[in-house]
Amino acid sequence: MGRLIVVSNRAPSVDGSSDSGGLVVALIEALAKNGGLWIGCAPEQSDTPTEDLVFHQRPDFDIGLFELEPELYRDYYLGYSNSVLWPALHGRVDLIDVQPRYAKAYREVAKRLAALIAKTARDDDLIWVHDYQMIPLAHELKELNVKCRIGFFLHIPLPDLQTFKAIPDWKDLAKWLSDYDLIGFQTRRDLGHMINIFRHTMRGELRANGTMGIAGREVALGSFPISIDVSGFRRLAAKGAENTEPAPLPRLIGVDRLDYSKGLPQRLAGYEAFLARHPEFRSKVALLQIAPPTRDDVDAYKAIRSELEHLSGHINGRFGTVEWTPVQYIHRAMPRNELAVLFRFSRVGLVTPLFDGMNLVAKEYVAAQDETDPGVLILSQFAGAAEEMTEALIINPHDPEDIARAIKTALEMPLAERIGRHSALYAHLDQHNVGRWSAAFLKQLLSVQRLSPDGVAPFPGSTPWTQTA
Ligand code: ADP
Ligand code: F6P
């Protein structure tokens, strides 16, 4: 096998300072094994982008940064990626903002990036493309006759066919997805949606081995639920807790980018319903919501920010006293070790997205708990994590009363039940950490056997891909 080439919109930092997030940790081993390369957008845009990737060497792998003009970047990232694809794939078709220049920029970035990758890729390299910002890449690489196996992992949800069809370019998107050799999803739910989309739009046929035959070629598909470095996060929380005072009141915690998909107004409505129904808990609990800014030049994000500020002010005004603030709202990012301790010292973790690919916060909350006195996770049925984390209290985020009931149940849950639920959740996470996720995806991508037109397999040593699935 040649190198592993990872491609994502955001690249890891050149000095390793932001590696703790999971994806980089997950891929470092695989990248180091065969001299890997990670390609991503340069953190700063440039009016005069370089014509080649700008390479940086890290001890275990190389980073290749591509530069874009500020306007092109804006139309590609804030425009098509986050004002068309993000809302549509999260089922918020009402928020789609269609502008012809957005779609043009999205294609242009994929074309440019493909040309840069084609200069460096060798036939036996594996290319692993990440997320919705990069969907056309395999198509563009194949146009340039790049012969590597190319895999794609979607970190966000894939909606059903009807919702998908709300994207003006849905036929192109389906075609571009079918150009990958392997497509990975967070959940069986999203995998099912993909199969249905391929069936109905490209006459895709599901084969007995789990692959799909589409337009004369085979595409492998799979569900690969992403995770975190479970034991690493647990150690971080335990260490930090040694010199931190626990919270004065039993705490409920929410930690999310300030995104409309995260169900933050619904969470506050549930908390408000809980305080309204159970006056005995007033002054006895507090909700800490940490929601750092994200994509805040997009109108929908400005709107969710003012809605959240309004709602937290409303609850504090309605129930607060001189001594007690029911909602503490922090609009900032926090160092990971501080988050880990906050999770550990919170009696309830509130994760209430309206639609989410996975939701890693749910996994971090569980990993951070003290197993002798663990807190309780309340989890939306619409988070991908709910497929695996069945011992959480599963709620419908659209129903404030359901959230209110779960909060009460969580706060009153006896220690033995908390330990039972937590140990089952932790055991599952420990078995399915992020290292296992990346290894499973890469194993399947490696086993894909692309045949050249003369029927010869160009990748010596790989198993015939009909044996995979
Ligand atoms: P998404 O990828 O949509 O943001 P996830 O829940 O899957 O949602 O992942 C979010 C990641 O960002 C988690 O690792 C979480 O700890 C981190 N994060 C969220 N809020 C903050 C914050 N205020 N400070 C630092 N990290 C944060
Ligand atoms: O989970 C989807 C995702 O795009 C991640 O890939 C990314 O880390 C996160 O959301 C934050 O998004 P952005 O890179 O746009 O800040």
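1. In helix α1, which spans residues 23-33, the buried residues include V24, A26, L27, A30 and L31, where buried means under 20% relative accessible area and exposed over 50% (1.4 Å probe, protein chains only). These residues lie on the same side of α1 because they cover an arc of only 150° around the axis, the arc being that of the directions from the helix axis to the C-beta atoms. On the other side of α1, E29 and K33 are exposed.

2. This is a predicted model, in which local features need pLDDT of at least 70 and side-chain atom pairs count only at pLDDT 80 or more, while totals for chains, interfaces and linings use all residues. Residues are numbered from 1 along each chain as its sequence is written, and side-chain values use heavy atoms, with hydrogens and water left out.

3. The buried residues of α1 pack against β1 (4-10), β2 (36-41), β4 (61-66), β5 (126-130) and α15 (434-447), contact meaning heavy atoms within 4.5 Å. Helices (H or I, at least four residues) and strands (E, at least two) are DSSP runs, numbered from the N terminus.

4. Turning to ligand 1, a polar side-chain atom of K262 lies 2.9 Å from one of the ligand's oxygen atoms, and a polar backbone atom of M334 is 2.7 Å from a nitrogen atom of ligand 1. In the side chain of E364, an N or O atom is 2.6 Å from an oxygen atom of ligand 1.

Definitions and conventions
Chains lettered and ligands numbered in written order. Polar contact = N/O pair within 3.5 Å; in protein donor to acceptor, adjacent residues only side chain to side chain.
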